[in-house]
Amino acid sequence: ITCIDRGGAENQVVQMLLEQKKNLIDLVLIYLKGKGFWVDYLESKGIKVIGPIFPEGNYLSLKGYGKLKRILPKSKFIVHLHMPPSLMVGVILKYIFNCSYKIIYTSHNESPFIKLPIIEFFFSKLLLECSDYIISIADSGKRKIIKRYLINPSKISVINYCFNKSIYVSKKNKDLDELKFYENEFTYIGTVARLVPQKRIDLLIKSFSYISKQDQNIRLVIIGSGYLKTSLKKIASRYKINQDHIIWVDYTEN
């Protein structure tokens, strides 16, 4: 997977790993970049974790591919790739560096791989065609892959996201300072996401601007951090949303 920090895809992979470990499947998790939020937890469960392979985020680093080739088995095996960067690295390693494995690719979102449409089509189609099997997390995602990249539908299965609350522990003694904004008189709309373009927080703020004009007792809670935070606050100001009607929380484990 690209990284193993906090995020929807990452949390889902952690849950999947725990299920596979419970079923006595031999597995190793490799992550490409990031700080490795889940590493200690997974290793405490007996799951081997290796990374980051590309600490600087340079997916064309020969040093990174050399490290991957050394740690992967020599015999045939399966690599389950999550997110587009991992798919690109997995395909390069298999076909250029001559590693022998089957590729399963899970598409966790419907965003294009890159922004230039014509290049995006051929580049992404090539990567997807190099996969032996593709998993989408929703029917809409499968339809997009088929329509956008002309991939054979028989190559794609849908496995919907699921949630097992038993792996998330309630921290009752945790300091709740970041959540003290809550008051019973208000209705709250909330999101938890990185503040980056693909999460479309700008659209959420625009929608909230219409709602808040109808009901002054509604508040928007945005939990997450990212480089768009300053510009998103400017968007809220442009829509003339009262500053105290949006609550910004950088991070919480609660």
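Predicted model: local features only at pLDDT ≥ 70, side-chain atom pairs only at ≥ 80, totals over all residues.

User: How do S4 and S5 run, parallel or antiparallel?

Analyst: Strands S4 (residues 101-107) and S5 (residues 133-136) run parallel and are joined by 4 bridges. Strands (E, at least two residues) and helices (H or I, at least four) are DSSP runs, numbered from the N terminus, and two strands pair if DSSP finds at least two bridges between them.

User: What is the bridge partner of Thr106?

Analyst: Ile135 in S5.

User: And which helix makes a β-α-β unit with S4 and S5?

Analyst: Helix H5 (residues 117-130), and the unit is right-handed. That is, with the strands pointing away from the viewer, the path from the first strand over the helix to the second runs clockwise.

User: New topic. Which residues of H8 are buried?

Analyst: In H8 (residues 229-238), Lys229, Leu232, Ile235 and Ala236 are buried. Buried means under 20% relative accessible area, exposed over 50%, partly exposed in between (1.4 Å probe, protein chains only).

User: Why do they line one face of the helix?

Analyst: Seen down the axis of H8, the buried residues fall within an arc of 115°, so they line one face. The arc is that of the directions from the helix axis to the C-beta atoms.

User: What does the face turned away carry?

Analyst: The exposed residues Thr230, Lys234, Ser237 and Arg238.

Notes:
Residues numbered from 1 in each chain as written. Heavy atoms only, no water.
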